[in-house]
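Please keep the viewer open as you read.

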Amino acid sequence: MILSIESSCDDSSIAITEIETKKLLFHKKISQETEHERYGGVVPELAARLHAVTLPKILEEAKIYFKDLKAIAVTNEPGLSVTLIEGITMAKALSISLNLPLIAVNHLKGHIYSLFIEKETLFPLTVLLVSGGHTQIIEAKSYKNMHTVASTMDDSFGESFDKVAKMLNLGYPGGPIVEKMAKEGDEERFPFTVPLSNSPKLAFSYSGIKNQVRLQIEKIDKNSKKDIADICASFQKAAVSHLIQKCRKYFKRNEIKNFAIVGGASANLYLREKFLSLCNEFHIKLHTAPLKYCSDNAAMIGRYAIDAYKNGDFTALEDLKASPRSTF
Ligand code: KG4
Ligand code: ZN
């Protein structure tokens with residue numbers, strides 16, 4: 001079995017995964033959303049202190065599996081340095097005390113492997129990763145061969161939902177709240193411009209929509225539920241249309257059979273519906289992870305670690321370091 005740890009942002013999570021069967025034997029996650037809500041976003045220092053309390057609590061429950069462990073896996077990049085260090089320190093302590101090898105896991109690859117929890121892998125696969133920190137298209141040819149072909153020039157998709165929710169005083173994280181409000185709203189009311197729609201470039205940009213929304217919010221009645229819902233619906237339409245337009249470009253240029261959307265924001269059902277239509281149009285099969293594995297979790301880190309273990313990809317104790325940026 002492999003014990004995996006995730007602490008790249010505001011979720012403390014530990015999982016135990018069986019190497020041969022890929023079965024998830026234990027999985028627990030403690031989110032810090034309520035603690036960060038009043039600040040309208042994640043406060044790194046607070047997040048690190050909370051991980052220092054919650055990770056050992058979860059580990060206590062996983063102790064019964066210690067005797068069967070073959071490796072310790074931990075997210076080491078990308079993420080908030082101070083929170084990554086909490087998970088890494090725990091992983092190193094376990095590695096030394098139980099005499100087990102370490103596996104460093106890239107969080108973005110972990111999100112891709114959320115598709116394969118308790119399942120076989122499926123490659124080649126083109127993946128749209130939409131989370132709080134990232135918006136990118138990744139060509140995942142195999143476990144060893146993954147590269148990014150498009151990314152955001154400024155804000156990420158999930159981050160733009162968080163910022164819109166903050167501007168409307170709706171709470172944190174913004175994604176699920178804005179999606180819920182949007183259901184009641186008129187998406188045609190505010191025709192926000194879709195970014196880079198005339199550009200042939202495969203890239204994303206969300207700072208422009210955010211600014212358009214900010215200017216519109218200044219003009220509406222902030223006590224009107226209808227106005228707020230219309231803003232959310234119109235924003236969500238523009239934000240998703242941007243992803244659709246760029247992926248349509250990608251589909252026209254590349255003949256692919258399998259496409260997946262992963263990351264916290266892939267839980268958005270409006271986004272899933274729009275992508276299902278796009279994929280049907282191009283005769284591409286759309287893959288998504290179960291909703292419970294879209295946001296950050298240690299189960300996806302554990303699933304990636306199985307393939308790392310089988311490929312002998314271990315990291316020496318002195319080489320395991322936290323990095324805020326992704327090295328792939
Ligand atoms: O993958 P994740 O849990 O953490 C990162 O790696 O960033 O993603 C969290 C992000 C947040 O920005 C959150 O607002 C967004 O995903 N999100 C959503 C939805 N659910 C979560 N964005 C849009 N619609 C949603 N339903
Ligand atoms: Zn994530």
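The sections below go from the metal site to the other ligand, then to the backbone and some selected residues.

## About the model

This is a predicted model, in which local features need pLDDT of at least 70, side-chain atom pairs count only at pLDDT 80 or more, and totals for chains, interfaces and linings use all residues. Residues are numbered from 1 along each chain as its sequence is written, chains are lettered from A and ligands numbered from 1 in the order in which they are written, and side-chain values use heavy atoms, with hydrogens and water left out.

## The zinc site

Which residues hold the zinc ion (ligand 2)? The coordinating atoms come from His107 (NE2), His111 (NE2) and Asp296 (OD), at 2.0 to 2.1 Å. Donors here are N, O and S atoms within 2.8 Å of the metal (3.2 Å for Na, K and Ca); water is not among the atoms, so sites may look incomplete. Along the chain, the donors of the zinc ion follow the spacing H-x3-H-x184-D. His111 and Asp296 link distant parts of the chain, 185 residues apart. His111 belongs to helix H4 (residues 107-113), while Asp296 lies in the loop between strand E10 (285-288) and helix H10 (298-310). Helices (H or I, at least four residues) and strands (E, at least two) are DSSP runs, numbered from the N terminus.

The classes are buried for under 20% relative accessible area, exposed for over 50%, and partly exposed in between (1.4 Å probe, protein chains only).

## Around ligand 1

Ligand 1 is surrounded by 20 residues, and the closest are Gly132, Asp162, Glu179, Gly264 and Asn268. A residue is near a molecule or strand if one of its heavy atoms lies within 4 Å of it. H4, helix H5 (157-167) and helix H6 (174-183) each give at least two residues to the shell around ligand 1.

From the backbone, an N or O atom of Gly133 lies 3.2 Å from a ligand oxygen, and one of Gly175 lies 3.0 Å from a ligand oxygen. Taken alone, ligand 1 exposes 550 Å², of which the protein buries 88%. A polar contact is a pair of N or O atoms within 3.5 Å; within protein, one must be able to donate a hydrogen and the other to accept it, and residues adjacent in sequence count only if both atoms are side-chain atoms. Accessible areas come from the Shrake-Rupley method with a 1.4 Å probe; for residues, only the protein chains shown count as cover.

## Backbone details

One joins Glu77 and Pro78, with omega about -20°, and Pro78 lies in the loop between strand E4 (71-77) and helix H3 (81-98). Another joins Phe123 and Pro124, with omega about -5°; Pro124 is placed in the loop between H4 and strand E6 (125-130).

Asn99 has a positive phi near 55° although the residue is not glycine. Asn99 sits in the loop between H3 and strand E5 (102-106) and counts as exposed because its relative accessibility is 67%. Leu196, also not a glycine, has a positive phi near 50°. Leu196 is in the loop between H6 and helix H7 (207-219), and 27% relative accessibility makes Leu196 partly exposed.

Asn297 is buried because its relative accessible area is 0%. A polar atom of the Asn297 side chain lies 2.8 Å from the backbone oxygen of Ser295, and the side chain of Asn297 also reaches the backbone nitrogen of Ala299 at 3.0 Å.

Ala316 is found in the segment after H10 and is partly exposed, at 32% relative accessibility. The C-alpha atoms of Ala316 and Lys92 are separated by 9.8 Å, with the two residues 224 residues apart along the chain.
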